[in-house]
Amino acid sequence: MTSDPPPGPLGILGGTFDPPHHGHLALARSVGERLGLERVWLIPAAWPPHKPPYAITPFPLRAAMIQAAIEGDPRLGVSLIEQDTNGPSFSIDTLERLAASEAKGRRLYFIIGSDAFADLPSWHRFAELPRLASLVVVSRIGQARPTRIDELMRRHFPEFAPVADGRWQAADKNDLLHLNLPVAGISSTEVRDLARRGEDLSGLVPAPVAELIARRRLYTGQAGP
Ligand code: ATP
Ligand code: MG
C-alpha cells in the first residue's frame, strides 16, 4: 500500500494583482525554484489595506485574471481565502487562517518584494509574521536603488541575528531570508496606465490576461460586464 507523501513547503504571495503581471509570476516561480517549494500560491486581497483609493477591480475579476495567468503551471496556485473578509485583509490574519485550514501542517514561506518590505512597520502585527512563516524578501537583481535590506532587517526584527548571507534567525521563530533574483521591473500601475491609453500589453502580462483586460475594458474607465 502506498501512502501520500507529506505535503511540501508552500510559498505565499499576497497582493492586489490588479492586474497580475510577469513580474509577479517571475517572482513566484523563481522563489519556488530557489527554495524548492512544492507550489507558490498567489493570494489576492479582498480589500487591500495599503492601496491608495483608486477604484480597485472587483475581486472575482482579479481572481479570474490570476487563474488565467497561472493556467497550466503546476508550480503556481491561487487561494481565494481572503474573498470573504469583511474589512482590510491583513497578512497575519490570512496566514493564521491558512495554517489552520488549507495549508495545515505545511511549512510556509511568505514572499514579499523589497518595496513592500520597506513599508512593513505599517502592517498590522507585522512582528508576528515569523511565528507563522519564513519571511522571504526579494530584491530585483540590477535594481536601480537596492533597498538596504540588512539595515531594515535589524530595524524591523531586532531579536533576529544574521547567521549566513541572506539569512537571519531567532529562537522559536521561522528564519528570515533575503534573495536577489532576476525579476522584471513591471508594476500593475504601469500596466493600468498602458491599458488606459489602449496600448499593447504583451510582454507585461500573459496573453490570456491581456485578453480579459481587453474584453472587459478594464482600466479604461468604461469597464462593463
Ligand atoms: P501596484 O503597482 O498597483 O502597486 P504591484 O505591481 O506592486 O501593483 P502588488 O499586487 O502590489 O503589485 O504586489 C504584490 C507583491 O508582488 C508585492 O510583494 C510586491 O512587492 C511584489 N511585486 C510586484 N511587482 C513586482 C516585480 N516586478 N518584481 C518583483 N516583485 C514584485
Ligand atoms: Mg505595489
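This is a predicted model: local features need pLDDT of at least 70, side-chain atom pairs count only at pLDDT 80 or more; totals for chains, interfaces and linings use all residues.
Residues are numbered from 1 along each chain as its sequence is written, and chains are lettered from A and ligands numbered from 1 in the order in which they are written. Local features need pLDDT of at least 70, side-chain atom pairs count only at pLDDT 80 or more, and totals for chains, interfaces and linings use all residues, while side-chain values use heavy atoms, with hydrogens and water left out.

The sheet comes first. Strands count as paired if DSSP finds at least two bridges between them.

Strand β5 (residues 134-140) is mostly covered, with 6 of its 7 residues buried (buried is under 20% relative accessible area, exposed over 50%, partly exposed in between, with a 1.4 Å probe and protein chains only). On one side, β5 pairs in the parallel sense with β4 (residues 108-113) over 5 bridges; 6 bridges join β5 to β8 (residues 176-181), again parallel. Val 137 of β5 stands opposite Ile 112 and also opposite His 178 in β8. Strand β4 also pairs with β1 (residues 10-15), in parallel over 3 bridges, and here Leu 10 stands opposite Leu 108.

Now for helix α1 (residues 22-35). Its 14 residues should span 20 Å at 1.5 Å a residue, and the end C-alpha atoms are 20 Å apart, so the two agree (the expected span is 1.5 Å times one less than the number of residues). Among the buried residues of α1 are Leu 25, Ala 28 and Val 31. Just after α1, Gly 36 takes a positive phi of about 65°.

Finally, the structure holds 1 cavity of 30 Å³ or more, and the largest cavity has about 60 Å³ of space. A cavity is a set of points on a 1 Å grid over the protein atoms alone where a 1.4 Å probe fits but cannot get out, and lining residues have an atom within 4 Å of a point. Residues lining the largest cavity include Phe 90, Trp 123 and Arg 125.

How values were computed
Helices (H or I, at least four residues) and strands (E, at least two) are DSSP runs, numbered from the N terminus. On a 1 Å grid over the protein atoms alone, a cavity is a set of points where a 1.4 Å probe fits but cannot get out, and a pocket is an open set with protein on both sides within 12 Å along at least five of seven lines; lining residues have an atom within 4 Å of a point. Grid points are joined across faces, edges and corners, and a volume is the space filled by probe spheres set on the points.
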